[in-house]
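Please read the points below with the model open.

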Amino acid sequence: MSRKLPMVLLGFLCLYCGVIGIQAAADYGEALTKSLLFFEAQRSGKLPDNQRVEWRGDSALKDGGNARIDLTGGYYDAGDNVKFGFPMAYTITFLAWSVVEFSQQLKAKGELAHALEAIKWGADYLIKAHPQPNVFYGEVGDGHSDHACWQRPEDMTTPRNVKMISDQSPGADLAGESAAALAAGSIALGGVNKSYAQILLRHSKELFDLARNHPGQYQSSIPTAGAFYASSGYEDELQWAAAWLYRATNEKQYLDFLQERGNTGGVRTIFSWDDKYLGVQLLVSKLVLDGKVGSSGPWGQYKSDAEAFLCNYAQKGNGNFRKTPGGLLWFLPWANLQYVGSASFAAVTYANYLQAKKATMQCPGGSLSPSDLYALAHSQVDYVLGKNPKGMSYMVGIGSSYPRQPHHRGASIVSIKKSSAPVGCQEGMDYWFTKNESNPNVLDGAIVGGPDEQDSYTDIRSNYQQAEPATATVAPFVGLLASLSK
């Protein structure tokens with residue numbers, strides 16, 4: 001938890017920041033504010049009057065028109081102009097979970113309203129994408145043609161094809177994640193708009209039924225999306241949706257579903273847009289700690305699996321996660337910070353659950369207290385925000401040293417507000433993509449993929465493996481930063 005040092009002492013300490021390659025500790029509140037700005041930069045559709053990211057303009061205003069449905073709105077997935085439903089739903093689930101767990105901290109920092117706006121912007125789109133109980137549109141645009149062009153979203157010319165799942169073309173993972181997002185969203189937004197929350201719950205229940213009654217992986221129905229976000233299975237999304245629906249409704253059918261599945265997921269090695277088992281385990285662990293279910297059988301196993309993951313996170317388990325020489329948890333070479341954020345969110349969330357019961361947890365390497373988990377998450381966030389061997393923040397706009405060339409079409413091309421002349425597909429690639437200068441628009445709050453396993457990072461636009469930000473990366477950091485902003 002952050003504590004402000006006297007300015008004289010802080011200045012003295014920072015005499016050594018440059019020597020050891022580390023920035024001064026970042027302000028978690030500022031980082032929280034900017035993380036929510038990022039979602040405004042990712043908005044598709046007609047922008048609202050209170051839009052704060054002023055270099056963006058309206059875009060994709062005819063989405064869905066070729067299928068005679070309104071699919072405007074929602075979020076562009078990353079540095080591209082495609083709307084991929086699977087990671088978008090995961091993003092909304094995490095934003096909603098952030099409010100569910102850390103609403104008081106968000107409110108104290110003046111960011112609760114912005115977090116709720118970010119959730120509703122996504123939830124509104126998911127509702128549009130679900131025009132009938134057994135139909136859900138899971139993609140707008142085409143990743144292959146989009147990735148061959150470099151254009152602002154405001155004047156893109158690539159196809160805006162729409163793809164869907166249905167009872168005839170299943171996608172239980174996509175439907176399940178979307179059901180989870182809307183159930184979590186109903187809890188987050190229920191305090192300010194009960195009638196809207198009921199609408200979200202109705203859609204969530206229908207999507208859960210679609211997923212449960214028509215199993216199958218969504219990429220078999222939407223292969224163009226699967227080429228970029230292939231799902232490894234749908235069982236985790238079914239359980240994830242059931243866990244959120246139970247939390248939102250207290251209806252026993254969803255608890256029974258979790259109990260009857262017979263698969264708690266085991267000890268996971270990652271928490272991601274594709275693997276939600278840890279999320280299920282955490283939500284069930286809360287039920288165990290609150291005495292709403294027993295501590296034996298599958299309920300106890302869910303809790304045991306969650307704690308084993310956190311033991312590995314804390315380097316006190318039987319399968320400890322790797323770390324870079326500079327201390328960053330290392331999961332995957334592509335967008336590693338996405339997984340650092342979700343794992344650290346899990347740590348602070350479980351710390352809260354334990355703290356409420358004045359409990360600790362036992363690992364093979366010793367005990368872990370809530371304060372231990374907070375300290376570990378704190379250290380990972382500090383690394384991301386500048387306390388690392390490169391001495392740079394991997395969140396754009398934080399500190400004096402941060403990525404100047406994130407791989408992002410809109411940010412890397414002059415704003416349409418400054419130059420209304422359309423940027424063509426190849427023109428953007430030849431001039432703006434290859435231009436070795438800072439992006440003309442600062443993409444505040446974006447978290448890039450991050451450094452490699454040796455703490456190295458190359459700040460150049462073409463380095464998409466390390467330099468591309470995504471909504472699925474930033475979403476867990478909203479709650480994480482709120483939890484530390486005390």
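This is a predicted model: local features need pLDDT of at least 70, side-chain atom pairs count only at pLDDT 80 or more; totals for chains, interfaces and linings use all residues.

1. The UniProt record, an unreviewed entry, lists residues 28-481 under "domain: Glycoside hydrolase family". Over this range the chain is 49% helix and 5% strand.

2. Helix α3. This helix has 14 residues, and its first and last C-alpha atoms lie 20 Å apart, close to the 20 Å expected at 1.5 Å a residue. Because 12 of the 14 residues of α3 are buried, the helix is largely enclosed by the rest of the structure. Among the buried residues are Leu-32, Leu-36, Phe-38 and Phe-39, as well as Lys-34 and Glu-40. The elements that cover the buried residues of α3 include α4 (85-108), α5 (112-128), α15 and α19.

3. Helix α19. One of the elements covering α3 is α19, a helix of 14 residues (471-484). At 1.5 Å a residue α19 should span 20 Å, and its end C-alpha atoms are 20 Å apart, which agrees. Of its 14 residues, 14 are buried, so α19 is largely enclosed by the rest of the structure.

4. The annotated active-site residue. UniProt lists His-407 as "active site", again in an unreviewed entry. His-407 lies in the loop between α15 and α16. Is His-407 buried or exposed? Its relative accessibility is 8%; the cut-off for buried is under 20%, and His-407 therefore counts as buried. Leaving aside neighbours within four places in sequence, His-407 is in contact with Gly-79, Trp-150, Phe-433, Arg-461, Tyr-464, Ala-467, Glu-468 and Pro-469.

5. The second largest pocket. This pocket holds about 560 Å³ of space. Its lining is made up of 28 residues, and those nearest its centre are Ala-78, Phe-228, Tyr-229, Trp-334 and Glu-468. Glu-468 is also one of the contacts of His-407.

6. Rolling a probe the size of a water molecule over the atoms shows where empty space is left. In this model there are three cavities of 30 Å³ or more. The largest cavity contains about 60 Å³ of space. Its lining includes Ala-41, Gln-42, Arg-56, Tyr-76, Asp-80 and His-408. Ala-78 lines the largest cavity and is also among the residues nearest the centre of the second largest pocket. The lining of the largest cavity divides into four nonpolar, five polar and three charged residues.

7. Pro-403. Like His-407, Pro-403 is found in the loop between α15 (370-384) and α16 (409-412). Pro-403 counts as buried because its relative accessibility is 1%. Outside the four places on either side in sequence, Pro-403 is in contact with Met-392, Ser-393, Tyr-394, Val-396, Val-448, Tyr-457 and Asp-459. Pro-403 and Gly-185 are 218 residues apart in sequence, and their C-alpha atoms are 32 Å apart in space.

8. Tyr-277. This residue is in helix α12 (residues 277-289). With a relative accessibility of 8%, Tyr-277 counts as buried. Tyr-277 touches Glu-235, Asp-236, Gln-239, Asn-263, Thr-264, Gly-265 and Arg-268, not counting residues up to four places away in sequence. One of these, Gln-239, is 38 residues from Tyr-277 along the chain, with 7.9 Å between the C-alpha atoms.

9. Backbone angles to inspect. Most residues other than glycine have a negative phi. Which backbone angle is positive in Arg-68, although it is not a glycine? The angle is phi, at about 55°. Arg-68 lies in the loop between α3 (28-41) and β1 (83-84), and its relative accessible area of 82% means that it is exposed. Asn-250 likewise has a positive phi, near 60°. Asn-250 lies in the loop between α10 (235-249) and α11 (252-260), and at 51% relative accessibility it counts as exposed, the cut-off being over 50%.

Terms used
Residues are numbered from 1 along each chain as its sequence is written. Side-chain values use heavy atoms; hydrogens and water are left out. Helices (H or I, at least four residues) and strands (E, at least two) are DSSP runs, numbered from the N terminus. The expected span of a helix is 1.5 Å times one less than its number of residues. Buried means under 20% relative accessible area, exposed over 50%, partly exposed in between (1.4 Å probe, protein chains only). On a 1 Å grid over the protein atoms alone, a cavity is a set of points where a 1.4 Å probe fits but cannot get out, and a pocket is an open set with protein on both sides within 12 Å along at least five of seven lines; lining residues have an atom within 4 Å of a point. Grid points are joined across faces, edges and corners, and a volume is the space filled by probe spheres set on the points. UniProt positions are given in the numbering used here, feature names are shortened, and annotations may be inferred rather than shown by experiment. Contact means heavy atoms within 4.5 Å. Ala, Val, Leu, Ile, Met, Phe, Trp, Tyr, Cys and Pro count as nonpolar, Asp, Glu, Lys and Arg as charged, and the others, Gly among them, as polar.
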